[in-house]
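Me: Could you take a close look at one single part of this structure for me? I'm new to it, so please keep things plain.

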Amino acid sequence: MHQIELSYAIAPRRSGRALIRNPLMELLHAVREHGSISAAARSLGFSYRHVWGELRRWEDLLGHALVTGEQGRSAQLSEFGDKLLWAERQAQARLAPQIEALHADLERAFALAFDDSTHVLSLHASHDDALVLLRGHAAATARLQLDIRFTGSVDAISALNQGRCVMAGFHTLEHSPNGSLAQRTYKPLLKPGLHKLVGFARRTQGLIVAAGNPLGLRNLQDVAGRGVRYVNRPLGTGTRVLFDELLERERLDAGAITGYAHNEPSHTAVAHAIASGQVDAGLGIDSAARAMGLGFVPLVHERYHLACLKTALDQPAIQALLTLLRGKAWQHQLGTLPGYENADSGNVQSLSRLLPWWNFKPKKSG
């Protein structure tokens with residue numbers, strides 16, 4: 001089968017033309033309608049030389065003549081040109097419902113750019129079910145579009161610092177002590193006076209296990225001591241930092257965890273791996289376990305933070321988000337997710353207030 005690469009443009013609905021347009025097909029149609037290249041060129045608003053050159057270029061690419069007739073005189077489509085135009089029209093006719101739906105979706109999406117009452121906030125964040133819920137709630141109630149890219153916590157904060165997003169989502173143990181792995185991971189990326197934290201949620205992380213917890217797992221000691229098949233999260237993710245921090249706290253060696261090097265990219269993917277019987281357990285959130293009908297062994301509470309630059313707090317999109325997070329409607333929605341609860345949601349706080357890694361000694365008076 002001969003492959004042809006054609007580029008299409010979306011036409012404005014009010015133009016009365018086909019919803020998607022291709023320059024070659026429009027050129028062929030004009031030649032057919034007007035019977036000469038010069039007349040076709042005038043109808044399209046191009047020079048004769050441009051249209052003639054385009055026809056010859058496409059004939060070289062396709063390996064077939066598109067028009068017949070001498071240069072400067074009347075012209076008509078070749079048999080191949082007729083068939084090519086017919087094939088394109090047939091394809092548009094068959095795909096008309098899909099084209100119409102795509103056209104409408106694109107119109108709605110781009111209309112937001114011209115709507116002064118709608119805001120868009122770019123957010124790179126560690127995977128979290130509450131953020132998925134927030135995205136829908138924000139669009140439906142606050143005319144706020146959250147452009148979320150789920151990535152690892154470390155990558156999310158790095159993206160914020162590099163200007164690739166306006167806000168970053170990451171999570172830490174609720175009481176992460178000095179000297180912890182979380183401190184060693186996140187402290188170099190965050191600077192008091194430059195960054196601010198917005199409270200988002202308190203959530204529970206634990207072991208996702210098969211329904212009914214048939215292995216009777218209670219803690220990480222059980223995972224390490226019983227040869228349980230474990231599934232990990234990739235380096236750079238907040239849950240991987242958490243797991244390694246818990247191993248340090250329990251004085252367990254990563255080598256004692258069967259499957260420590262086996263990674264899945266999200267809480268949902270971990271749950272799928274357990275539900276399919278590929279593995280026995282993985283660290284994740286309660287809502288991911290329940291969504292798959294799996295068991296859950298709670299281990300720790302953590303805070304999910306939203307970080308931004310202090311200078312960005314006055315941006316309309318961030319102000320709209322803060323108002324939304326503080327509202328009772330969102331806090332009710334958050335409470336419907338298993339393992340989640342409100343924790344200073346929408347409140348702007350300093351790094352030292354939420355993360356106990358910065359201790360500023362007061363200056364001595366002279």
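Reply: Let's start with Thr118, which counts as buried because its relative accessibility is 11% (buried means under 20% relative accessible area, exposed over 50%, partly exposed in between, with a 1.4 Å probe and protein chains only). Before going on, a word on the background: this is a predicted model, where local features need pLDDT of at least 70, side-chain atom pairs count only at pLDDT 80 or more, and totals for chains, interfaces and linings use all residues. Residues are numbered from 1 along each chain as its sequence is written, and side-chain values use heavy atoms, with hydrogens and water left out.

So where does Thr118 sit? You'll find Thr118 in the loop between helix H5 (96-111) and strand S5 (119-125); helices (H or I, at least four residues) and strands (E, at least two) are DSSP runs, numbered from the N terminus.

Now for its side chain. Thr118 and Asp115 are joined through their side chains by a polar contact of 3.0 Å, and the side chain of Thr118 also has a polar contact with that of Arg143, at 3.3 Å. A polar contact here is a pair of N or O atoms within 3.5 Å; within protein, one must be able to donate a hydrogen and the other to accept it, and residues adjacent in sequence count only if both atoms are side-chain atoms.
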